Amino acid sequence: MKNTADSEAPWAASPSSPEEETGSGVWSCNEWDPLKEVIVGNPLNARFPHPDKSTRTAEFAGSPSDQIPTGAFPPYVVEEAEEDLAAMVQCLESLGIVVKRPDTWPHGGVVATPFWSTKGFYNYCPRDIFLVTGNNIIETPNTIRGRLLESYSYRRILVEYLKAGAKWYSAPKPMLLDSLFEVDPAYPVPKNHEPVFDAANVLRFGRDLLYLISSTGNELGALWLQTVLGDEFRVHVCRIDYQGSHIDTSVVALRPGLLLCNPERVTREMLPPIFDSWKIIYSPPMVGSDRFDSDYLSHSIGSSWIDMNLFSISPELVVVDRDQLPLIKVLEEHGIDVVPLKLRHARMFGGGFHCTTLDTRREGAMENYFE
């Protein structure tokens, strides 16, 4: 199934295997190769995204402004989120995986341009703002205004990677004008006035990338990504029955030839033809949502499917919510063992195990899985 490409992308001259790179500290080509190093997010000082036009489009399309939660996350939620992330860090380190974490940041500060003013968000989800392709790390042009400066909390880590030889790029900073968000709430995709997308709109399959058109990623974002990656990469646009935000509660890449999909949002016909020969398994319904009361849910960014947001340590081992026993059973039936952990507030924060991590080093080579 795997055939390593004969030539490299002209952009960034990415090596085809970690053996060819010279200690860049960054090497990750897909979602499943054995994990060596990862960034885990930081929930401290987290705030709900300020209810400006970008937030209403990206996270709360169709909701009146007075129904959008504002201000700081409840202190107990932040405290328990940090406890859970610390437990994940301890688990990963016990497996010999290097873990880095971003700096604690003053998210309550004002974020402004000449055209708008808002407040910060959080750095709980590194998956949203950085895309790693080989030994390249790309800051993406995020849709939510409050995330415009979020990458600063990772600056110390990025400089370390740069000094070690990684290639660090940043997409054009979007202007995020009001006109970008003048959309139909039933189809809340930002207009194609400029490239905008979150890195979590993208799944990586070696030289092929699956890109979800949604409230956090427009068509022009996919075009920009294809342009900068060059002809040796292929960006495949995907439209499914979900425009809410990111792809990783709808499609999960488990290993070559195997996808886990959301039965409420994805059919085989919605996926690009490259996946015609792949096996698709569907997640069982999530369990445990009844533990949340209505007030908690009214302050939650994520859907009930957030616990489908698993994170691969290798093709045979994934981190998954410990309460999702039906999903664990399906994974084990397909030869995948699980590390059962818990993010108690994944739903309020809108981020599960894949969201709260950014794999910056994995074993394996940059391959073609579809030729």
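**Close-up views of a predicted model**

**View 1. Arg 101 and Glu 82 meet in a salt bridge.** Their side chains come to 2.9 Å, N to O, in a model that is predicted. Arg 101 has 22% relative accessibility, so it counts as partly exposed. The cut-off for buried is under 20%.

**View 2. Strands S2, S1 and S17 form an open sheet.** The order is S2-S1-S17, and the pairing is mixed. Strand S2 (98-100) and strand S17 (357-362) stand at the edges. Each has a single partner strand, so one side of each is left without a neighbour in the sheet. From one strand to the next, the twist averages 25°. S1 (residues 35-40) and S2 run parallel and are joined by three bridges. Ile 39 has Lys 100 in S2 as its bridge partner. Helix H2 (residues 75-94) lies across S1, S2 and S17. Its direction is at about 165° to S1.

**View 3. A salt bridge joins Glu 31 to Arg 204.** The N to O distance between these side chains is 3.1 Å. Here too the pair links distant parts of the chain, 173 residues apart. Glu 31 lies in the segment before S1. Arg 204 lies in strand S8 (residues 202-205). Both residues are buried. Side chains of opposite charge can pair when their charged atoms come close.

**View 4. Asp 359 and Arg 362 pair within a salt-bridge network.** The two side chains meet at 2.7 Å, N to O. Asp 359 and Arg 362 are both buried. Salt bridges with shared partners join Glu 31, Arg 127, Arg 204, Asp 359 and Arg 362 into one network. The model has 18 salt bridges in total.

**View 5. Ser 312 is buried in strand S14.** The strand covers residues 311-314. Ser 312 counts as buried because its relative accessibility is 3%; the cut-off is under 20%. Beyond its neighbours within four places in sequence, Ser 312 contacts Glu 31, Trp 32, Ala 253, Leu 254, Leu 317, Val 318 and Arg 362. Two of these contacts, Glu 31 and Arg 362, also belong to the salt-bridge network.

**View 6. The largest nonpolar core has 39 residues.** Val 38, Val 40, Phe 73, Leu 92, Tyr 122 and Phe 349 have the most contacts inside this core. The elements giving two or more residues are S1, H2, S14, strand S16 (337-341) and helix H7 (346-349). H2 gives the most, with eight residues.

**View 7. Val 38 touches residues from several stretches of the chain.** Residues up to four places away in sequence are not counted. Its contacts are Leu 92, Ile 97, Val 98, Val 99, Lys 100, Phe 311, Thr 357, Leu 358, Asp 359 and Thr 360. Among them, Lys 100 is the bridge partner of Ile 39, and Asp 359 takes part in a salt bridge with Arg 362. Apart from the core that holds Val 38 lies another, of 21 residues. Leu 210, Met 270, Phe 275 and Ile 280 are among its members.

Technical notes
Residues are numbered from 1 along each chain as its sequence is written. This is a predicted model: local features need pLDDT of at least 70, side-chain atom pairs count only at pLDDT 80 or more; totals for chains, interfaces and linings use all residues. Side-chain values use heavy atoms; hydrogens and water are left out. Helices (H or I, at least four residues) and strands (E, at least two) are DSSP runs, numbered from the N terminus. Buried means under 20% relative accessible area, exposed over 50%, partly exposed in between (1.4 Å probe, protein chains only). Contact means heavy atoms within 4.5 Å. Two strands pair if DSSP finds at least two bridges between them. Axes are lines fitted to C-alpha atoms, for helices over the stretch in contact, and angles run from 0 to 180 degrees between N-to-C directions. A salt bridge is a side-chain nitrogen of Lys or Arg within 4 Å of a carboxyl oxygen of Asp or Glu. A nonpolar core is a set of buried Ala, Val, Leu, Ile, Met, Phe, Trp, Tyr and Cys residues joined through side-chain atoms within 4.5 Å.
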